[in-house]
Number of protein chains: 6
Amino acid sequence: MRVVVSIGGSVLAPNLDARRVEDHAAVVETLAEAGYDIAAVVGGGGVARDYIGTARDLGANEVQLDQIGIDVTRINARLLIAALGSRVDPKVARDYEDAGDAVRRGDISIMGGIMPGQTTDAVAAALAEYVDADLLVYATSVDGVYDADPSSQDEAQKYTQLLPTELVDVVAPMSRDAGASAPVDLLAAKLIQRAGMRTIVLDGADPQHIESAVLDGEHNGTDIIP
Amino acid sequence: MRVVVSIGGSVLAPNLDARRVEDHAAVVETLAEAGYDIAAVVGGGGVARDYIGTARDLGANEVQLDQIGIDVTRINARLLIAALGSRVDPKVARDYEDAGDAVRRGDISIMGGIMPGQTTDAVAAALAEYVDADLLVYATSVDGVYDADPSSQDEAQKYTQLLPTELVDVVAPMSRDAGASAPVDLLAAKLIQRAGMRTIVLDGADPQHIESAVLDGEHNGTDIIP
Amino acid sequence: MRVVVSIGGSVLAPNLDARRVEDHAAVVETLAEAGYDIAAVVGGGGVARDYIGTARDLGANEVQLDQIGIDVTRINARLLIAALGSRVDPKVARDYEDAGDAVRRGDISIMGGIMPGQTTDAVAAALAEYVDADLLVYATSVDGVYDADPSSQDEAQKYTQLLPTELVDVVAPMSRDAGASAPVDLLAAKLIQRAGMRTIVLDGADPQHIESAVLDGEHNGTDIIP
Amino acid sequence: MRVVVSIGGSVLAPNLDARRVEDHAAVVETLAEAGYDIAAVVGGGGVARDYIGTARDLGANEVQLDQIGIDVTRINARLLIAALGSRVDPKVARDYEDAGDAVRRGDISIMGGIMPGQTTDAVAAALAEYVDADLLVYATSVDGVYDADPSSQDEAQKYTQLLPTELVDVVAPMSRDAGASAPVDLLAAKLIQRAGMRTIVLDGADPQHIESAVLDGEHNGTDIIP
Amino acid sequence: MRVVVSIGGSVLAPNLDARRVEDHAAVVETLAEAGYDIAAVVGGGGVARDYIGTARDLGANEVQLDQIGIDVTRINARLLIAALGSRVDPKVARDYEDAGDAVRRGDISIMGGIMPGQTTDAVAAALAEYVDADLLVYATSVDGVYDADPSSQDEAQKYTQLLPTELVDVVAPMSRDAGASAPVDLLAAKLIQRAGMRTIVLDGADPQHIESAVLDGEHNGTDIIP
Amino acid sequence: MRVVVSIGGSVLAPNLDARRVEDHAAVVETLAEAGYDIAAVVGGGGVARDYIGTARDLGANEVQLDQIGIDVTRINARLLIAALGSRVDPKVARDYEDAGDAVRRGDISIMGGIMPGQTTDAVAAALAEYVDADLLVYATSVDGVYDADPSSQDEAQKYTQLLPTELVDVVAPMSRDAGASAPVDLLAAKLIQRAGMRTIVLDGADPQHIESAVLDGEHNGTDIIP
């Protein structure tokens, strides 16, 4: 079975902390040892946010900001690689073919962002599609998909299960305003819909949630089932 | 003044026809001679559609289909380059930095798609942002942004003018169904919104429309004005 | 045993047809399952011809035409890859080292053209030499090497067997006139001669001919035996 | 006149602060406007230190740590580029040829580290040699070359002037112990000696020091004069 | 006017000698100063021959031998670049687009071989075609095109003038035998024919011959006139 | 067990001689067959010296000279690859990640120099660190580390054993003067010290010395033991 895990920057590296990275690496290794083909896509986290803020103050345009963000995700990918054993491809994958080839050969593949205009959410969805993954897991800072932003709206309700099309419908208005934060961005949702990809959105603060979700199908997040 | 023109595949190469490519090249050269910095992003057209159909029959996944589409857009870019004179960068730009560097040096830069998961619509918007373009023109097969698909709904009304946010609102539901065809895709709309980019969507079947829109501000399409 | 198959564009993709590509893929897989190391080099076919015609009308020079042709061969390579199972290297090989490395690792490697000035015929011969192939098969639109162009000269006689040097002698005058079409071009013939490579030229319209030739040594084409 | 400036990470980005980067950019632009050819090599600073510490805790080896450090220097280079106007090459130079080519064309070139095992100090010295610079300036966190570590030894004396060979002699023992910090590392010193390169080591906390040193030859640091 | 000069390895570097390289560089500079756009393609010479002999003894195949030969031509290109002033592109061009782009910007471009299976003769012909050169000059170790090998046959007659088609006819039989050495190889001759390229083959031992041929049209070699 | 062997240019190719290369290849293969993971870094030798001398006469700067030297080391790497069987990675590794990845997959990896400013001595030390080698062997033209240059000073004493720190202390003054030749350069010594790498410096003129040292721990050189 083949799994792509998207580890949000706010989950892997809200700030730099070897312990957190180690914990995530341990889960990835557990899954690999259990026989899963694994690829992980990691986000930018706190360092990305700081760099992007500084660059914006310096007048960088949005594409330049994206490029800086991508660079940081790749350093985070290096951290995760450093924490993984000999089964990981020691190179950060730079496109879907690199990652797919590593997975095909039985390696764990780690990548960050690829191109301005695409979040690592979208990269994870496209990679899942490219490697014909059986499951895509988003380990995010919220514990599932809500009908409103749970951080600002008390009455926000979490979905237990959604169709991919419903995910797009839920995410589209959220992603329209800069302020609101969808747990998975709209492009990612559309790629999930396009591929009919089985997806789980869960709280990644504790990486054990990823392990339980993949190994036992148990989690408190949202299941997107085509 | 700096302009990015997105020439849809259905506009540049619905099928292969040197005359059409020449006409578009002539407009690009006219604009360059009039002192505009110009970059153009071209789509895939009929050949892309045929290849993608064949590849889909062969079991290619969506990312592989995107890669094939990107390859075709780059060949179309070569056609446009062949039709342009000595001011064009003879290399098809493969990322925003290549294109931006060519424009900065005074060359006309031509590019196609870049990465799976992004249409050439989105590439054009990101490039416009990257080079700090004053204007982004979408030369498409419809003559503007409508409130419904004009090819299937008689009562569809064309917008004369939209805010970027309104463009996102209009385009979002259209892009939700595979059948419907937004004149500009949702990721592009969101990039336009993010950058607050002055944009025109017009009928590119006759490339003179592009010329008039840029030189004189005259066109029958839709103005997106931040 | 190691085999390089050159699948002419007019054989793989005279026009785009998934069935034809599938049939060729099936033969490649059969050979791989029978224990052969396989690499295939594919040509451009009808789409290449159309693009090159259009680009010539636009004033492209011969090197630019070659580049467009190479791009199309690589898309055709993607089609063949899409039709092949998990043993194929999912990347189109871009030089001999990539292809050789894939073959060395036990993958099927697919490539198209490489560089202006060289046909895929010549690429196949050089690749066969590079991977120390035991056999090189040209699946072409004619059913062997003739002493004259069989499409225009009724009395043209097919050679059953040739020495590599004789192949060069036969092919050299044919390739002098633009009109005439040698089944294998002169540079390829000279590379075959240089390497002393066992080669078969056969009618590839039916891919079963390739299978029979490799597995059983049976074919109606021309044997080039050093 | 051609100048290479090495801006230490602790000088450009002890922590992320747009103001500091802007001030350095302003000096680079002033020098460029005064007619100097300028290339700058930037270090890693606080973010590099944090990432390297985390990666070391994760078991990364020294080469992996270097790679992470290089990645951070390149993001810092992006910051400086964002702060510079249109004369800067918008791509971070990745080798001496890229940087040299940009300088030759009249662009300001910015680069970070290149390869594990070499500090940005050494990169700056090699780049200065490659572009035949007339002057190499090290803007560091100490205000010159001392005969001992001034942060720990009160009686440390600053050199006003040194021969390149003397610089090597001074720096060699300092760089032997991990604890001690030479203002310029040993490989850099040896490259300066090899090239006979006119060099100034000065306190870069205030970027005006760089400006005065280049424009007027006035500074409180150490002159290395061949 | 635009000129491509092919400087044979036996002419530039029969053995390593700075004086010879300088003399060729001086001619290239003279032509550039006289207003010509210049690109030069250099061969491998004595070092290539020695390396190829050693590699053949070690069991390298012909493609590997070609790769070694190409590497040596690129080092020779570096020598010529080192001997040229600031107008030369300091990077050895690695494909036609790099070289063409440099020439288009007014730089002198130097390249060696590109791909196994193609001599630098053929590279020069393709480059001349790509940059729409007005003249292609082969500076070789013989003083023109003969009807037989002048080194072994006393009665060999030099052609003063040939049509491109005649060049192909003359060269084809020569290139059939490994022993014989055509002054220009068959693939190059065919590319010259394809492009209808004005070409001169002359004795390059004295680089002044190149200068006279280009500046004054005076030489003792063979004119190929389409 | 994992071993990196640095084969000095003066040891592998004082001049071009297939026999010498074969003998070194035989030792590498013996070690691989004995179960060792092997990577080798080769130097430039006589051809590098000749080319660098010529380029210096032509006015090349030190970085350009380094680049030429690196190119030659890579050709030497091709020779060694040609002499090795099917277990060698047929591509010359161009960075530590390439080499490390090849070793991780069980291939023998061969590389030359990487970047100006670093000798192949330093490359070997960094590679050993990167692949977590158990042993680093320098096969040089002297038979160990001496307290003075044995070629000029009769009383020079060879060290049987050194700490890495002592190696740095011994090598530092030697490397200060251009004339003196340390058996291992200073940057390499510092990398060995940084990594605490078990290292042997021995006379590589007879490659059997390498075999005995690795297989049996027997040699007449110097042991550097952390």
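**Salt bridges and symmetry**

Modeller: Let me start with a pair inside one chain: Arg104(B) forms a salt bridge with Asp101(B), and their closest N and O atoms are 3.1 Å apart. Keep in mind that this is a predicted model.

Colleague: Where do Arg104(B) and Asp101(B) lie?
Modeller: Both are in helix α5 of chain B, residues 96–104. They are three residues apart, which is about one turn of the helix.

Colleague: Is Asp101(B) buried or exposed?
Modeller: Asp101(B) is buried, with a relative accessible area of 14%.

Colleague: How many salt bridges does the structure hold over all chains?
Modeller: The total over all chains is 90.

Colleague: OK, and what does Asp107(C) form a salt bridge with?
Modeller: Its partner is Arg104(A), with 2.8 Å between the closest N and O atoms. Asp107(C) sits in the loop between α5 (96–104) and β3 (109–111) of chain C, while Arg104(A) is in helix α5 of chain A, so this pair joins two chains.

Colleague: How about accessibility for Asp107(C): buried or exposed?
Modeller: Asp107(C) is buried at 11% relative accessible area. Arg104(A) is partly exposed at 24%.

Colleague: And which residue forms a salt bridge with Asp107(A)?
Modeller: That would be Arg104(F), and here the closest N and O atoms are 2.7 Å apart. Arg104(F) lies in helix α5 of chain F and Asp107(A) in the loop between α5 and β3 of chain A, so this pair joins two chains. Asp107(A) counts as buried at 11% relative accessibility, and Arg104(F) is partly exposed at 24%.

Colleague: Which residues are linked in a network of salt bridges?
Modeller: There is one made of Arg56(A), Glu62(A), Asp66(A), Glu129(B) and Arg194(B).

Colleague: Switching to symmetry. What rotation superposes chain B on chain D?
Modeller: A rotation of 120°, with 0.0 Å of shift along its axis and an RMSD of 0.0 Å. That is the relation of a three-fold axis. In chain B, the C-alpha nearest this axis belongs to Arg105(B), 5.9 Å away from it.

Colleague: Do those copies use the same surfaces or different ones?
Modeller: Different surfaces: 14% of the contact residues of chain B recur in chain D.

Colleague: How far apart in space are Arg105(D) and Gln193(D)?
Modeller: They are 28 Å apart, C-alpha to C-alpha, and 88 residues apart in sequence.

Colleague: Great, thanks!

Notes
Residues are numbered from 1 along each chain as its sequence is written. Chains are lettered from A and ligands numbered from 1 in the order in which they are written. This is a predicted model: local features need pLDDT of at least 70, side-chain atom pairs count only at pLDDT 80 or more; totals for chains, interfaces and linings use all residues. Side-chain values use heavy atoms; hydrogens and water are left out. Copies are superposed by least squares on the C-alpha atoms of residues with pLDDT of at least 70 in both. Contact means heavy atoms within 4.5 Å. A salt bridge is a side-chain nitrogen of Lys or Arg within 4 Å of a carboxyl oxygen of Asp or Glu. Helices (H or I, at least four residues) and strands (E, at least two) are DSSP runs, numbered from the N terminus. Buried means under 20% relative accessible area, exposed over 50%, partly exposed in between (1.4 Å probe, protein chains only).
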